[in-house]
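This report describes selected helices, strands and domains of one model. The sequence and structure are shown first, and the account follows.

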Amino acid sequence: MENNIISYELDDVREDSLRPTHKWGRSTKIWLSILCTIAAWGLFAFIFQLRNGLGVTAMRNYVSWGLYISTFVFFIGISHSGTLVSAILRITKQEWRRPITRSAELLTFVSLLFGGIMPIIDLGRPDRILNLIIFGRVQSPLLWDVISIMTYFTGSTVFLYLPMIPDMALCRDRLTITKTRFDKFRKWLYTFMAIGWTGTKNQWHMLEKVMNIMTIVIIPVAVSVHTVVSYIFAMTLRPGWDSTVFGPYFVAGALYSGSAGVILGMAFFRKAYHLEKYMTPRHFDLMGRIVLALTLIYAYLNLNEYWIPAYKMATHEGVLLKDLFFGSYSGVFWTLQFGTVLLPIIIMAIPKGRQILPLSITCIVIVIGAWVKRYIIVVPTLLHPYMPIQEVPADWSSYFPNWVEWSVTMGCLSGIFIVITLFSKLFPMMAVWEVEEGVEIEHDKQMAIDIRKKREVEKLAKSGVSVN
Amino acid sequence: MKRRKIYFRKLYFTIISVVFCISFSTAQNSAAPKEKMSSSIQLAFNKKADNSKHITVKVSAKNSDNKRKPAENAHINFYAVNKDGEKNIGTCLTDNEGKSELLLPKDIPLDTAMTFHIVAKIENDELYENSDEVILFKDVTISIKLNAADSNRMVNATVVIIGSDGKEKPVKDVAVKFYIQRMFGIMPVAEDNSMNTDEAGLASFNYPKEIPGGSTGNLSVIAKIEDNEFFGTVESAADVKWGSVIEAEKNPFPRALWEPYAPPSLVIVICVLFGGVWSIYMFIFYTLYKIKKEKSNTQIEFDTFIKK
């Protein structure tokens, strides 16, 4: 039974999906308190930075993009998860996607929300952010990046919202007792978000149409976003970034880390909200196969990214590569290559490695590795400029994030978890109607099989063959 | 259950309090009273081409490790001294390099030797101990006359001082250096650009030809007395069309990022791509609006989902 994709009954779906929204447990409150404390500390560090300028960070003239921009690229990468799992599996009509699409789409939404904030935090004068739009130059990849992230964020929000409409109507109609203020707020929110959904034929038709359109549109938009993020680097004349493979390399890296993020989300919600019936070991096995395929693609592009310039060892590129291969970054670099690329491939290639626990641990390693990898892309290149670093204070020629950067980044990370937690406490973490639809399809299939079997038995009986 | 709730609330408030105590302790540490540092003041006098007089000040301080560093945020009071005593003529605050500048008022009193006698003082400062420094200088003026005869271009700089009788007197044996103004500073006219004034206070310099003068050929010629013991730094400037005209290249970098307009093909591609996506979004928003309208326009025909 455990190996079946659908191992639940229609009646259970609503109850199991809506259960987490009924009450806030003690563990949720403690979890939120810890996250809020970290976020408050991050906010304090950001205000400190805002008051005293970027000089309070470890960034200087040479390393002007540090932890913030590495985290920005990482978050944008993670945001590819929703596109991959939801849109691609929707297009290819993979029935097993149904219970996991919402968590994937949510991960896209929150990681884009906070990913978009990171470059603003990195600005010395964030109050001038509007100037980027007002005085933006069309020929600058930075402006393309702003436009494409805004486009992707809008698309992802719509993509998350569309399948929620029938669920919002369900929540609205189920919430009949509104004694507390919070319940009244929930009632209002569900009513507002349900946009008058009553489930008419026409409404279903229109919803399916826009969902199909969005499923197709969101894929190229997602690919374009990470390609444009890679252009910010690749269109700058610097050793390590001057690469034609950067677009697909970034997209592959994003898909690989994003799908690993989805597995972590699945594992978390499965455990926290008792969704074991819906997110089965089979789901993890299938997602593990996807991550394995993506890791192989990523490893291939990784090889191209480093092997070709390493073969040539051109002057400046050579200095950077020597530093990465044998110098101060060699420990981190080789740990990333073996620990977060090669080792996961070996683990996920074995069926036992795709079981829930080993796969979740592998995905944690992949996600952390993807974050460190962005740091390795950003920082060492900035420390190897074409013009030599000279006549500057000694600490300008090295970089490691200080407490301000760590606090702000951790604040943003906890912000992501706060939004996910609040979302999961307000809205069902599975698309109820989609999961129900899956059950119905499965039942129809089963019925068709039974009917076929019955007819065959009748046929054989007519022809005089006895069937037991 | 209630007890547990109270316990966890208390725990949360304790964590929050600890976090904020740590954060505010940073601010408190910086607000704690500090020992005052000893300081020393350096002064210099500058008379600029527009005849404005400035005192530049540089203050350094010794910290507890006996190391010298620039004295930041030091308040300096300036006094002009003459037979009537001291008269406050201004105040300034040093920057993070310990530097500041004071524009002197036009009516500073002279002392009996026709000298300006200025005292700079740090008095009752929160950060630094009291200290003072004196600067004495005489007010000289450089006048420039430009003379282009035959193929020679002469710059004649005359240095004069106002005597006690109110008449101008030439100043001899003073080194005058000749420069031209460039965009980011001043450039010596030649390797040896210094000439001493003669009995008549005159220093002449033969100006080289073919110095680039931009699109108009204008040059700003500068004559300057630098760090003189008695006169400080004094300069004077005059504009002349002695430079060779340089025609600016009309479009040296046609594909540069700082070009005012992006290539039309790029603009078209971006508009088509993003415009296409956003028009699809608009269509989706419109359909959502139609879904909302549907409720009020039609009766519920098919409610498999909600009525279950």
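Does S328(A) count as buried or exposed? S328(A) counts as exposed, because it has 12 C-beta neighbours inside 10 Å. The classes rest on C-beta atoms placed from the backbone: a residue is buried if 20 or more other C-beta atoms lie within 10 Å of its own, exposed if 12 or fewer, and partly exposed in between.

## Basis of the report

This is a predicted model, in which local features need pLDDT of at least 70 and side-chain atom pairs count only at pLDDT 80 or more, while totals for chains, interfaces and linings use all residues. Residues are numbered from 1 along each chain as its sequence is written, and chains are lettered from A and ligands numbered from 1 in the order in which they are written.

## Helices of chain A

S328(A) lies in the loop between helix 13 (315–325) and helix 14 of chain A. Helices (H or I, at least four residues) and strands (E, at least two) are DSSP runs, numbered from the N terminus. Between the C-alpha atoms of S328(A) and R172(A) there are 58 Å in space, and the two residues are 156 apart in sequence.

Helix 12 of chain A (residues 281–312) has 32 residues, which should span 46 Å at 1.5 Å a residue; its end C-alpha atoms are 46 Å apart, in agreement. The expected span is 1.5 Å times one less than the number of residues. Buried residues of helix 12 of chain A include F284(A), M287(A), V291(A), L294(A) and Y298(A). An α-helix has 3.6 residues a turn, so residues three or four places apart point the same way. Among the elements covering the buried residues of helix 12 of chain A are helix 11 (246–272), helix 14 (330–349) and helix 15 (356–382) of chain A. M313(A) follows helix 12 of chain A and has a positive phi, near 50 degrees.

## Strands of chain B

Chain B has 2 helices and 17 strands, and 19% of its 308 residues count as buried. An open sheet of 4 strands in chain B has the order 5-4-7-8, with antiparallel pairing; two strands pair if DSSP finds at least two bridges between them. Strand 5 (85–93) and strand 8 (131–137) of chain B each have a single partner strand and stand at the edges, so one side of each lacks a neighbour in the sheet. Strand 7 (residues 116–122) of chain B runs antiparallel to strand 8 of chain B, joined to it by 7 bridges. A120(B) has E133(B), in strand 8 of chain B, as its bridge partner.

Strand 10 (residues 152–162) of chain B pairs with strand 15 of chain B in the antiparallel sense over 5 bridges, and V155(B) stands opposite F205(B) in strand 15 of chain B. Strand 15 (residues 202–206) of chain B has A203(B) and F205(B) on its covered face, with L202(B), S204(B) and N206(B) on the uncovered one.

## Domains of chain B

An automatic or database domain assignment supplies the domain bounds: for chain B, domain 1 (38–137) and domain 2 (140–240). The C-alpha centres of these two domains of chain B lie 28 Å apart. Contact, meaning C-beta atoms placed from the backbone within 7 Å, links 8 residues of domain 1 of chain B with 9 residues of domain 2 of chain B. Strand 1 (residues 38–47) of chain B gives the most to the domain 1 side, with 4 residues.

Notes
Two residues are in contact if their C-beta atoms, placed from the backbone, lie within 7 Å.
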